[in-house]
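Subject: Structure handover

Hello,

Here is the structure you are taking over. Please open it first and keep it beside this email while you read.

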Amino acid sequence: MKVLLKIIVVAAALWASTKLVDGITVSAGSTAKQIGTLLAVALIFGLVNAVIKPIIKTIGCAFYVLTLGLFALVVNAALLLLTSWLAEQLHLPFNVDGFLAAFWGAIVVGVISWVLNMILGDD
């Protein structure tokens, strides 16, 4: 149940990023298809973060220290771009146009996910 709630929270954050950031789009036709796409992309984003992010943090530990953690913003943007690419490979109508959109989208997703987790509880 906790995993499902996290996927829904990330899907909501991704939806907000499509509304707030130019260059992040979900081009599914109906509302139901958009919701399904956002849930699928949230699952992909969660898997990418669970598998690849720890590897990058381990390898790029020095960059995190040298930039006082700001390198995490670049990593999160790259992971959002990777998620967009994987969604394209799976024929999901989710697209992130470039690094700048991914950078701002990752900030929006991070902040909104944090707020929703605070409201809903992050046990």
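The notes below go from the whole chain to single residues.

Please keep in mind that this is a predicted model.

Overall build

The protein chain has six helices and two strands. Read from the N terminus, the elements follow the order α-β-α-α-α-α-β-α. The radius of gyration is 14 Å, close to the 14 Å that the globule rule gives for 123 residues, so the chain is as compact as a globular protein of that length. Along the principal axes, the C-alpha atoms fill a box of roughly 45 × 35 × 25 Å.

Of the 123 residues in the chain, 34% are buried. If you take the contacts between residues at least 6 apart in sequence, 74% of them join residues at least 24 apart.

Surface and charge

The chain exposes about 7,400 Å², and carbon and sulfur atoms supply 74% of that area. There are 6 positive and 5 negative side chains. The centres of these two sets lie 6 Å apart.

Two serines in helices

Ser17 sits in helix 1, which covers residues 2-20. Its relative accessible area is 0%; buried means under 20%, so Ser17 counts as buried. The side chain of Ser17 reaches the backbone oxygen of Leu14 at 2.6 Å. Apart from neighbours within four places in sequence, Ser17 is in contact with Ile24, Gly105, Val108 and Val109.

Ser113 belongs to helix 6, residues 98-120. With a relative accessible area of 11%, Ser113 is buried because this value falls under the 20% limit. Setting aside neighbours within four places in sequence, the contacts of Ser113 are Val9, Val10 and Ala13.

A leucine in helix 2

Leu39 is part of helix 2, which runs over residues 31-51. Leu39 and Trp15 are 24 residues apart along the chain, and their C-alpha atoms are separated by 9.7 Å.

Most residues other than glycine have a negative phi.

Leu68 has a phi near 55°, a positive value in a residue other than glycine. Where does Leu68 lie? Its place is in the loop between helix 4 (61-66) and helix 5 (71-89). Leu68 has a relative accessibility of 78%, and since exposed means over 50%, Leu68 counts as exposed.

His91 has a phi near 60°, again a positive value in a residue other than glycine. His91 lies in the loop between helix 5 and strand 2, the latter covering residues 94-96. The relative accessible area of His91 is 73%, so His91 is exposed by the limit of over 50%.

When you go through the model yourself, you could begin with Ser17, which is buried in the prediction, and then turn to Leu68, which is exposed.

Regards

Notes: Residues numbered from 1 in each chain as written. Predicted model: local features only at pLDDT ≥ 70, side-chain atom pairs only at ≥ 80, totals over all residues. Heavy atoms only, no water. Helix = DSSP H or I, 4+ residues; strand = E, 2+ residues; numbered from the N terminus. Buried < 20%, exposed > 50% of the residue type's maximum accessible area, 1.4 Å probe, protein only. Polar contact = N/O pair within 3.5 Å; in protein donor to acceptor, adjacent residues only side chain to side chain. Contact = heavy atoms within 4.5 Å. Rg over C-alpha atoms; globule rule 2.2 N^0.38 Å. Areas by Shrake-Rupley, 256 points an atom, 1.4 Å probe, with all protein chains shown as cover. Lys, Arg positive; Asp, Glu negative; His and termini not counted. Charge placed at Lys NZ, Arg CZ, Asp CG, Glu CD.
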